[in-house]
Amino acid sequence: MKSSHTKITIPHIANFSSLDKSNTVIITDENVFGFHSKKLKNYSTIVLKAGEEFKVQATIDSIVEQLINFGADRTTSLVGVGGGVITDITGYVASIYMRGINFGFVPTTLLALVDASIGGKNGINVGVYKNMIGTINQPQFILHDYSFLNTLPEAEWQNGFAEITKHACIKDAVMFRELQSHAVKYYQTKNKELSLLIEKNAMLKTKVVSKDVNEVGDRKLLNFGHTLGHALENQYELSHGQAISIGMVFASRISKQLYGFNQTDEVINLLEQYGLPTNVLFNKKKVFEVLTMDKKREKDFIKFILLQKIGKAVIKEINLIEIKEALNTFI
Ligand SMILES: NC(=O)c1ccc[n+]([C@@H]2O[C@H](COP(=O)([O-])OP(=O)(O)OC[C@H]3O[C@@H](n4cnc5c(N)ncnc54)[C@H](O)[C@@H]3O)[C@@H](O)[C@H]2O)c1
């Protein structure tokens, strides 16, 4: 088994203007560019259409063409300035352009600050299949400039709390209690508390990934809620945060059946408190078909992430038939 000594990039707080401008190409999306073009002036910039539907190969091809037009070479650095879609795309294209060039991230959504920008997984979708192709390759830096959050829409704040709740469920019961006593508004209006929450979550993920870069063990826990979540996300046009919110409820229900987990209502209440959906009507057959292509499937089993209690997650191989039955009784 491949053991890894890869150093995981730790996010640092800095002003965006501290970024080295020489030989850097920024990749961003039109929303971020629309709000923050002043910060990006003087850079060669590639502006993509915003949204998960553009996290596909055609976008990669167009970026490569633009990099060629810019005369980008092996010494060029790419910097992804945006949410998780942008960081995933930037990391992936940097990993394959000229067989790999340097890259860094400036995450601009809460979700990307606490999760997507960290750990080096960079991928794109193929049809409804999430992150079907990609690389594991670490960025040179992750720069946190919270001033980008001033323009973040409410729904994107809520999405960020889906991954924060995930971290609390799998690793941090104390944070779960802290979240229970607040709401989105509290963190939007209290800079210090928000900053502490972001750093706590970024470090939680960094720590998990550092010990298991290639996801042979504990890193799998970060997929709590993602098996059903990923199967729903692109079929029902749910945001990533919304999809994994529903996925976490499903995983909590299975946890009850298999481990007597009795805190599903607390998980549901917390997600609702942060404006996230906990259920959706979906076509069980179609969703099951997509779910069988989950990257954690091995033959007829999926390594499913379950909870024994809040703050304590486990990996359990579950037969696809059992998952199908659980899906049929989900709603
Ligand atoms: N690689 C990983 O480890 C990892 C982990 C979690 C999620 N992800 C991926 O991340 C993606 C979800 O990330 P996301 O929720 O950040 O989505 P996103 O990148 O689509 O951003 C959400 C929306 O917010 C807008 N936006 C971003 N920053 C803004 C700002 N500062 N002000 C105003 N608008 C802004 C974007 O234009 C977009 O419309 C998914 O594709 C998911 O698969 C990857």
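Why is helix α9 (residues 226-233) described as largely enclosed by the rest of the structure? Because 8 of its 8 residues are buried, where buried means under 20% relative accessible area, exposed over 50% and partly exposed in between, with a 1.4 Å probe and protein chains only. This is a predicted model, in which local features need pLDDT of at least 70 and side-chain atom pairs count only at pLDDT 80 or more, while totals for chains, interfaces and linings use all residues. Residues are numbered from 1 along each chain as its sequence is written, and side-chain values use heavy atoms, with hydrogens and water left out.

**Overall build**

- The chain has 13 helices and 11 strands; helices (H or I, at least four residues) and strands (E, at least two) are DSSP runs numbered from the N terminus.
- For 331 residues, a compact globule would have a radius of gyration near 20 Å, and the 19 Å of the chain agrees with that; the radius is taken over C-alpha atoms, and the globule rule is 2.2 Å times the number of residues to the power 0.38.
- Along the principal axes, the C-alpha atoms fill a box of roughly 55 × 45 × 40 Å.
- Of the 331 residues, 54% count as buried.
- Among contacts (heavy atoms within 4.5 Å) with a separation of 6 or more, 71% are between residues 24 or more positions apart.
- The accessible surface of the chain is about 14,600 Å², and 52% of it belongs to carbon and sulfur atoms; areas come from the Shrake-Rupley method with a 1.4 Å probe, and for residues only the protein chains shown count as cover.

**Nonpolar cores**

- A nonpolar core is a set of buried Ala, Val, Leu, Ile, Met, Phe, Trp, Tyr and Cys residues joined through side-chain atoms within 4.5 Å.
- The largest has 66 residues, of which L110, F161, L179, L228, F250 and F304 touch the most other members.
- Helix α10 (residues 240-259) gives the most to this core, with 8 residues.
- Apart from this core lies another, of 20 residues, among them I27, L48, I101 and F103.
- Leaving aside neighbours within four places in sequence, L179 contacts residues including F161, I164, Y187, L197 and L270.

**Helix α9**

- The buried residues of α9 are H226, T227, L228, G229, H230, A231, L232 and E233.
- These residues pack against β7, α5, α10, α12 (284-291), β10 and α13 (320-328).

**K303**

- K303 is found in strand β10 (residues 301-309) and counts as buried, at 19% relative accessibility.
- Its side chain makes polar contacts with the side chains of E298, at 3.1 Å, and E317, at 3.5 Å.
- A polar contact is a pair of N or O atoms within 3.5 Å; within protein, one must be able to donate a hydrogen and the other to accept it, and residues adjacent in sequence count only if both atoms are side-chain atoms.
- Beyond four places in sequence, the residues that K303 touches include K220, K296, I315 and K316.

**Ligand site**

- Of the 27 residues around the ligand (a heavy atom within 4 Å), D29, E52, T108, K130 and T151 come nearest.
- A ligand oxygen atom is 2.6 Å from an N or O atom in the side chain of K130.
- Ligand nitrogen atoms are 2.9 Å from a polar backbone atom of F148 and 2.7 Å from an N or O atom in the side chain of T151.
- Taken alone the ligand exposes 860 Å², of which the protein buries 91%.
- Elements giving two or more residues to the shell around the ligand include α1 (30-40), α3 (84-96) and β7 (129-136).
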